[in-house]
Amino acid sequence: MRVPLGFVGLVAVALAVTGCTNVDAGVGERPERASSSAVVASGAATADGVVLPPEGARFDYQLGGASPVPDGATVVARDSTDDPAEGAYGICYVNGFQTQPGVEWPDELLVRTADGEPLVDPGWPDEHLFDLSTEANRQAVAEHQASTIDGCAASGYQAVEFDNLDSWTRSDDAFGEDDAVAFATLLVARAHAAGLATAQKNTADLGARGRDEVGYDFAVTEECDRYDECDAFTDVYGGLVFDVEYTDDLRGSIAEVCARVGELDPAPSTIVRDHDLVPADDPAHAYTAC
């Protein structure tokens, strides 16, 4: 995770963990979706019956608050507490691998330091890492996340992205990549059972494991141009890569960013946003689609 979520993200998990979705969490059961008269642009269906976003579609990343859909955009990612955008393919954001600030989790499900305190993400001191070192813990955390996943489906989203897949790299060796992959597989299976496609979030070093072992359907990335890793995702997911770059941390100008990603074949769908992803009515809002 390379961008702060702000208050919206905090509320998302608070509602989910406290069970405020009123959706049954039985494994394999699909919650009823919210009805909508909007025509949603979408791509092909997978073998699991979920619908993918259209390849190469223009998109927007609205985690800091809902905004009108930009002209030409047909894919929009929003926080799980916001409604999906009308007339667009909706991706629901869920912090799958770490806690949100102020949300209580059972002690046994968190990585602990030598002095018994919950281990925090160094870049996000109010977020604690889930302990994914055992099958029992992975199953328990997945069950805690089930209401959020089902809530995304019931709200009318078509897909979900689970953030902080790479938390094992910050776990002080409490668990490793294989544990994270095993847990991600549980989340993806639950999402597919709810009728949602799933996006791998960042974590270029996972290679094809995300697609082949976990079952991710496409990718949502942050700053793949900034870190020169876009092709690591397009090599796996082809034209189903949706990347957001940030105005305060670009590798050159916006024009240079767009030129570089445009040279890739296939090219990721790339936008440049303000780092806090504020709504369109905020003076700090920035949005450019390559």
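I take two strands as paired if DSSP finds at least two bridges between them, and I take strands (E, at least two residues) and helices (H or I, at least four) as DSSP runs numbered from the N terminus. The model I am reading is predicted, so I note that local features need pLDDT of at least 70, that side-chain atom pairs count only at pLDDT 80 or more, and that totals for chains, interfaces and linings use all residues. Residues are numbered from 1 along each chain as its sequence is written, and side-chain values use heavy atoms, with hydrogens and water left out.

Strand β10. I looked up its partners and found that β11 (residues 287–289) pairs with β10 in the antiparallel sense over three bridges, with Thr288 in β11 as the bridge partner of Val272. On β9 (residues 241–246) I found five bridges to β10, and these two strands run parallel; here Val244 stands opposite Ile271. I then checked how covered β10 (residues 269–273) is, and five of its five residues are buried, where buried means under 20% relative accessible area, taken with a 1.4 Å probe and protein chains only. Ser269, Ile271 and Arg273 lie on one side, and Thr270 and Val272 on the other.

Ala77. I located this residue in strand β2 (residues 75–79), and it counts as buried at 1% relative accessibility.

Thr203. I found this residue in the loop between β7 (197–201) and α4 (209–214), and with a relative accessible area of 6% Thr203 is buried.

Conventions: Buried < 20%, exposed > 50% of the residue type's maximum accessible area, 1.4 Å probe, protein only.
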